[in-house]
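Visitor: I am new to this structure and would like to be guided through it step by step. Could we begin with a look at the model itself?

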Protein chains: 2
Amino acid sequence: MEEFDFIQSIKPKYYRQSSVIKGIGDDAAILRHTNNDIIMTMDTMVENIHFNEMTTAPFHIGYRALAANISDIAAMGGKPVSYLVSITVPDRWSAEELQEIYQGMTALANAYHMDLIGGDTVSGEHLSLSITVLGTVNNGKARYRNTAREHDIIFVTGTLGDSAYGLHLLLNEQDDAASQYFIHRHQMPSPRVSFINQARPIERMALNDVSDGIANEANEIAAASDKGMLLDFDRIPYHDLLAKNSPDNLYQWILSGGEDFELIGTVPPEDWDRLMEYAKLTDTKLTSIGKVVDNEKFNGKAWLRYQGQLKILDKSGYTHLKR
Amino acid sequence: MEEFDFIQSIKPKYYRQSSVIKGIGDDAAILRHTNNDIIMTMDTMVENIHFNEMTTAPFHIGYRALAANISDIAAMGGKPVSYLVSITVPDRWSAEELQEIYQGMTALANAYHMDLIGGDTVSGEHLSLSITVLGTVNNGKARYRNTAREHDIIFVTGTLGDSAYGLHLLLNEQDDAASQYFIHRHQMPSPRVSFINQARPIERMALNDVSDGIANEANEIAAASDKGMLLDFDRIPYHDLLAKNSPDNLYQWILSGGEDFELIGTVPPEDWDRLMEYAKLTDTKLTSIGKVVDNEKFNGKAWLRYQGQLKILDKSGYTHLKR
């Protein structure tokens, strides 16, 4: 397929967002966002690094890549609006497979009324997918990592380790009924956009998304806020089957399993009940997993309470846990 | 170098643009553009497709890739403000070479007071550089391709074919003094940002940048505007040495040589003198190369007048010119 024909085939028939003044079809897109702050994020997924043809269908390559970017928008407290896609495609990929990648993105984009507004297609030896997502947030209301304060409650959405376990199942070709849940979580993650937008009335919230494992993300909040993040291992939410089926890898998956695209954050204790309400309203599992301390000994790092002992929680999730 | 250290090394010490509320260092960047329309463009350059290590130093890879995106912003009549960079790097690239790519981008970005606000770094088998540039333009004042009208004067900035000839010289390892001009034009192109921003008072202007050759770009304006673009071959500006040194490739380089990053556009005849003034003010070579017609026979296509004959000008630059 010629590049021109391909662009025509993926070009939206109409744009959902009134902010899109000009989408695909000129030298660049034109957007109008006069009332909100703009959130910009960009991520690249590369064949054989982030996925491979064995475990990831073209549809899921597109879906996951866009989900990762949308999760960054959620982690700033915003909502996604439009996106640009630059794809590098080897000749051996068929036009149908290429279309399926875009269909994967479109499926997720439709759920958020997002518009594809630009990008390009180039040929190359390995598939590579770069996505830029633009989102919006009310002026001055973006959620940063550096706003955690003493006594804050640390929360996390959903369950952790699902995506890592899903990948493990795919790699080991296990696909019984129970496996499907985890594989689905790996292939089609759901960024927490509606929950975090529901939670807008909460004045102060430090926020991060769980893309590289909760150990890493908790450390990022601790470092940015210069506070100590004390996590209770027993309260970290994970799926029953994870512990049952693969106890050996449980700690690693929960603490450092990436790409769950859940949210971790901190809120003042007085806002906790409200946050639980917002979670219920948006059908979001929400768990309190620890608290923020302000103490020279703990500040700047994440810590894990496990069997009565408090240990430093390395970014990588490595903890010297006795088992 | 660890990714964290690398990000620290490229992270700007400060941001020039007041629109940057949050740059690198959280899940995404936050921008505030309440008075202008936003221009978004994204382009990818891949090793062995768009450049190779023999002809392009790391510094120039970065410089050219950013220039290509800035040129798209200019082609919409705007100015570039900020950019995100996603780079895929093979292990064999050293940290120094990687830094040089960013230095190439920074050199050009500094000239426009642009800020690097995000992106990511991943490893892969081939170098690939995706850049997203955000620019601004006064509300409702973006320049599109579809506004050419009958009697408009067709203009082009600079000289054409320089970049293609520069690449030819590089590939043939010719580097006498005269070659340096063309090689420089290939390695460090200058998007026409100041000219096009000076020309803001002109009410109507169809506009495109010359990234794939003037034949292609003239056809794009003709198709979008549904008018005929009549170009005079004798008036198309090119450098003396081009004709003198390589007459065989002259036509191809002028008509379809890409990446000159000049601008082609159309303006009403009554605006021509003013446009010439804006060109002088910004030290920009500006040439009238033809006119727009509205005639069923010609509409939707570009045409070339050559030795008294008017021939269809194919997108590729192929014209059946007798020589």
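Visitor: Which residue of E10(A) does A:Ala206 stand opposite?
Guide: Strands here are DSSP runs of E with at least two residues, and helices are runs of H or I with at least four, both numbered from the N terminus. E8(A), residues 206-210, and E10(A), residues 262-267, pair in the antiparallel sense over five bridges, where pairing requires that DSSP finds at least two bridges between the strands. Within E10(A), the residue opposite A:Ala206 is A:Thr266.

Visitor: What should I know about the origin of these values?
Guide: This is a predicted model, in which local features need pLDDT of at least 70 and side-chain atom pairs count only at pLDDT 80 or more, while totals for chains, interfaces and linings use all residues. Residues are numbered from 1 along each chain as its sequence is written, chains are lettered from A and ligands numbered from 1 in the order in which they are written, and side-chain values use heavy atoms, leaving out hydrogens and water.

Visitor: How many residues of E8(A) are buried?
Guide: Buried means under 20% relative accessible area, exposed over 50% and partly exposed in between, with a 1.4 Å probe and protein chains only. A:Ala206, A:Asn208 and A:Val210 point one way, A:Leu207 and A:Asp209 point the other way, and all are buried. The number of buried residues in E8(A) is therefore, by the definition of under 20%, five of five.

Visitor: How many residues of chain A are in contact with chain B?
Guide: Contact means heavy atoms within 4.5 Å. By that rule, 57 residues of chain B take part, and the number on the side of chain A is 57.

Visitor: What is the area buried between chain B and chain A?
Guide: Buried area is the accessible area, taken with a 1.4 Å probe, that two parts lose on being put together, summed over both. Carbon and sulfur atoms give 54% of the total, which is about 4200 Å².

Visitor: Which residue of chain B forms a salt bridge with A:Arg145?
Guide: A salt bridge is a side-chain nitrogen of Lys or Arg within 4 Å of a carboxyl oxygen of Asp or Glu, and the rule finds six across this interface. For A:Arg145 the closest N and O atoms are 3.0 Å apart, and the partner is B:Asp27.

Visitor: What is the bridge partner of A:Ile30 in E3(B)?
Guide: Strand E2 of chain A, residues 29-31, and E3(B) pair in the antiparallel sense over three bridges. In E3(B), the partner of A:Ile30 is B:Ile39.
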